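Student: I have just opened this model, and I would like to learn how to read it. Please take me through it one question at a time.

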Amino acid sequence: MADVNSPAPSATPSVLDLAPVIPVVVIDDAAHAVPMARALVAGGLPAIEVTLRTAAAWDALRAISAEVPEAVVGVGTVLTPEHVEASIEAGARFLVSPGWTDRLLGAMSASGVPFLPGVSTTSEVVALLERGVTEMKFFPAEAAGGTAYLRALASPLPQARFCPTGGIDAARALGYLALPNVGCVGGTWMLPSDAVAARDWARVEGLAREAAALRG
């Protein structure tokens, strides 16, 4: 990510470059976390965003961090500096927020791990570029203008790179990944609820493999 996001950016690949898709994981049962993460990694999706939307999220994050070292596990729905601190303590290797404030941005910048602050307007993008941040989450992607909006930003703001998330499925992902300012997309389609409920990790791995092949 940008220099402000990492103390040694040249030594660590950007989260945007690890795979074409970052699975956005909402975990209701922490017991699912480790086998789910292993299936995603086996399918070629090492970067995994565990969202802070359920009570099980923190336990899931700790379990993946401890038991699936090959996963690059991050935390999504980061809203406060307290979330940042707790995420790092739980083993997060990157942070994702749906939006940002100066206070939250300062905490993420000071965390020592890469982060993707959320944007949905040109002014937000320019404000982050002014602060030295060049990699961002575009959210909610489909509702905020989709591929047409990001394509319009590519020429005047070529230094900004995005991970669009929100309303993206396998078919829509192709359009985003074709854009020069998109590094990867975030999505949930490789984690269908019936497969997770049935603990059908082989199906999850297969869907992850298809997602990983979207940009070969």
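**Reading the model**

Student: What is the mean pLDDT of the protein chain?
Tutor: This is a predicted model: local features need pLDDT of at least 70, side-chain atom pairs count only at pLDDT 80 or more, and totals for chains, interfaces and linings use all residues. Residues are numbered from 1 along each chain as its sequence is written, and side-chain values use heavy atoms, leaving out hydrogens and water. pLDDT is the predictor's confidence in each residue, from 0 to 100. In the protein chain, 94% of residues reach 70 or more, and the mean pLDDT is 94.

Student: Is Thr165 buried or exposed?
Tutor: Buried means under 20% relative accessible area, exposed over 50%, and partly exposed in between (1.4 Å probe, protein chains only). Thr165 sits in the loop between β8 and α7. Its relative accessible area is 8%, so Thr165 is buried.

Student: How many helices and strands does the protein chain have?
Tutor: Helices (H or I, at least four residues) and strands (E, at least two) are DSSP runs, numbered from the N terminus. By that rule, the protein chain has 9 helices and 9 strands.

Student: What radius of gyration does the protein chain have?
Tutor: The radius of gyration is taken over C-alpha atoms, and the globule rule is 2.2 Å times the number of residues to the power 0.38. For 216 residues, a compact globule would be near 17 Å. The protein chain agrees with that, because its radius of gyration is 16 Å.

Student: What percentage of the residues of the protein chain count as buried?
Tutor: Picture the C-alpha atoms filling a box of roughly 45 × 35 × 30 Å, taken along the principal axes. Of the 216 residues of the protein chain, the part that counts as buried is 53%.

Student: With which elements do the buried residues of α5 pack?
Tutor: Helix α5 covers residues 122-130, and its buried residues include Val125 and Leu128. The buried residues of α5 pack against α4, β6, β7, α6 and β8.

Student: Where does Asn181 lie, and is it buried or exposed?
Tutor: Asn181 is in the loop between α7 (170-177) and β9 (185-187). Among the residues it touches, beyond four places away in sequence, are Leu150, Arg161 and Phe162. With a relative accessible area of 3%, Asn181 is buried.

Student: How far apart are the C-alpha atoms of Val72 and Phe94?
Tutor: Val72 belongs to strand β3, and at 13% relative accessibility it counts as buried. Phe94 is one of the residues that Val72 touches. Though 22 residues apart along the chain, the C-alpha atoms of Val72 and Phe94 are separated by 7.9 Å.

Student: What is the phi of Thr77 near?
Tutor: Most residues other than glycine have a negative phi, and most peptide bonds are trans. Thr77 lies in the loop between β3 (72-76) and α3 (81-89) and is buried at 18% relative accessible area. Its phi is positive, near 60 degrees.

Student: What is the phi of Arg199 near?
Tutor: Arg199 is in the loop between α8 (193-197) and α9. It is partly exposed, as its relative accessible area is 46%. Arg199 is a residue other than glycine with a positive phi, near 55 degrees.

Student: Which peptide bond is cis, with omega near -10 degrees?
Tutor: Look in the loop between β7 and α6, where Pro140 lies. With omega near -10 degrees, the cis peptide bond is the one from Phe139 to Pro140.

Student: Which residues does Arg203 contact, leaving aside its neighbours within four places in sequence?
Tutor: Arg203 is placed in helix α9 (residues 201-212) and is partly exposed, with a relative accessible area of 35%. Leaving aside neighbours within four places in sequence, Arg203 is in contact with Pro192, Asp194 and Ala195.

Methods. Contact means heavy atoms within 4.5 Å.
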